[in-house]
Amino acid sequence: MNPVTDPRKMPETQRLPRHVGIIMDGNGRWAASRSLPRVEGHRRGVEAVRRTVRAAGDLGIEFLTLYSFSIENWSRPPNEVSDLIGLLKRFIRIDLADLHRSQVRVRIIGIREGLSADLVNLLDEAEELTRHNKGLTLVIAFNYGARQEIADAARALAKKVQAGLLDPDAIGPDDIAAHLYTSGIPDPDLIIRTSGEQRLSNFLLWQAAYSEFVFMPIHWPEFDAAALQEALREYGSRERRFGGLVSRNAMTGS
Ligand code: IPE
Ligand code: IPE
Ligand code: MG
């Protein structure tokens, strides 16, 4: 292939994903392999979140979505659930001012109903304070489940039909996308999962239709800027075709 059109030879920045999603997995196993309690893995996981947000911002990634708590995670022992919620609260309390200073815009996706009032207030505050920031958009998927998200979109559309505001025959994929929690956010170009597991675990099912996947063997507490770069390099070597025949990378350099 001609080096000018070969996407593998293009400068890294031209193939930077706009939106990276991360399934942050392996905190418990990281801790267990060091004979530490699981919560220690989650604590160290927060450090990895800090590193990753900084690295993503420095690289010029526009959207970073971090899967921090799934609806299914409520099935864990109550003390682990409260550790995880406590760590999210601490993260927002401690880091929000720094994130704001760095122009990070925070958005939280997931179900708010059933969460404690102080947590809901914190999530609202993080979004409100950073609403007009122009840097990285940090999307935190908390109490999130993609099937619930799609069901919620279906319900919202059904209500519009019932109210006579929408013709059911006119409903298409864009209408569904516009009613997802991620409305206004481009689909993830790259989804990374740590810890060696190779599954989505109910993360962004609709939005991941054409995402590239990179599965890494390291556990989430070990993730850092170098690991992100490695995933980005792998992403840069992929040829995205979107069902067509010619690589868009090769065509447009984007
Ligand atoms: C990721 O680590 C954190 C959450 C899922 C909330 P895990 O807690 O799933 O760690 P493993 O998979 O048990 O090692
Ligand atoms: C997915 O990890 C959820 C988050 C990272 C928040 P899990 O550890 O809950 O997923 P499974 O149970 O291994 O599929
Ligand atoms: Mg896990």
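User: How are residues, chains and ligands numbered or lettered here?

Analyst: Residues are numbered from 1 along each chain as its sequence is written, while chains are lettered from A and ligands numbered from 1 in the order in which they are written. This is a predicted model, where local features need pLDDT of at least 70, side-chain atom pairs count only at pLDDT 80 or more, and totals for chains, interfaces and linings use all residues; side-chain values use heavy atoms, with hydrogens and water left out.

User: Happy with that! Which residues are closest to ligand 1?

Analyst: A residue is near a molecule if one of its heavy atoms lies within 4 Å of it. Here 13 residues surround ligand 1, and the closest are Asp25, Gly28, Arg29, Arg38 and Arg76. By type, the shell has two nonpolar, six polar and five charged residues. In this scheme Ala, Val, Leu, Ile, Met, Phe, Trp, Tyr, Cys and Pro count as nonpolar, Asp, Glu, Lys and Arg as charged, and the others, Gly among them, as polar.

User: What polar atoms lie by the oxygen atoms of ligand 1?

Analyst: Look for polar contacts, pairs of N or O atoms within 3.5 Å. An N or O atom in the side chain of aspartate 25 is 2.8 Å from a ligand 1 oxygen, and one in the side chain of arginine 38 is 2.9 Å from a ligand 1 oxygen. For asparagine 27, a polar backbone atom is 3.1 Å from an oxygen of the ligand.

User: How much of ligand 1 does the protein cover?

Analyst: Accessible area comes from the Shrake-Rupley method with a 1.4 Å probe. On its own ligand 1 has 380 Å² of it, and the protein covers 87%.

User: Which helix gives the largest share of the shell around ligand 1?

Analyst: Helices are DSSP runs (H or I, at least four residues), and strands are too (E, at least two), numbered from the N terminus. Helix 1 gives the largest share, three residues.

User: Now, which strand gives the most to the shell around ligand 2?

Analyst: Strand 2, residues 63–70, does, with four residues. Among the residues around ligand 2 are Tyr67, Ser68, Phe69 and Ser70. This shell divides into four nonpolar, four polar and four charged residues.

User: Which side chains have a polar atom by an oxygen atom of ligand 2?

Analyst: Serine 201 has a side-chain N or O atom 2.6 Å from a ligand oxygen. For asparagine 73 the distance is 2.9 Å, and for arginine 76 it is 3.2 Å. Taken alone, ligand 2 exposes 390 Å², of which the protein buries 78%.

Definitions and conventions: Polar contact = N/O pair within 3.5 Å; in protein donor to acceptor, adjacent residues only side chain to side chain.
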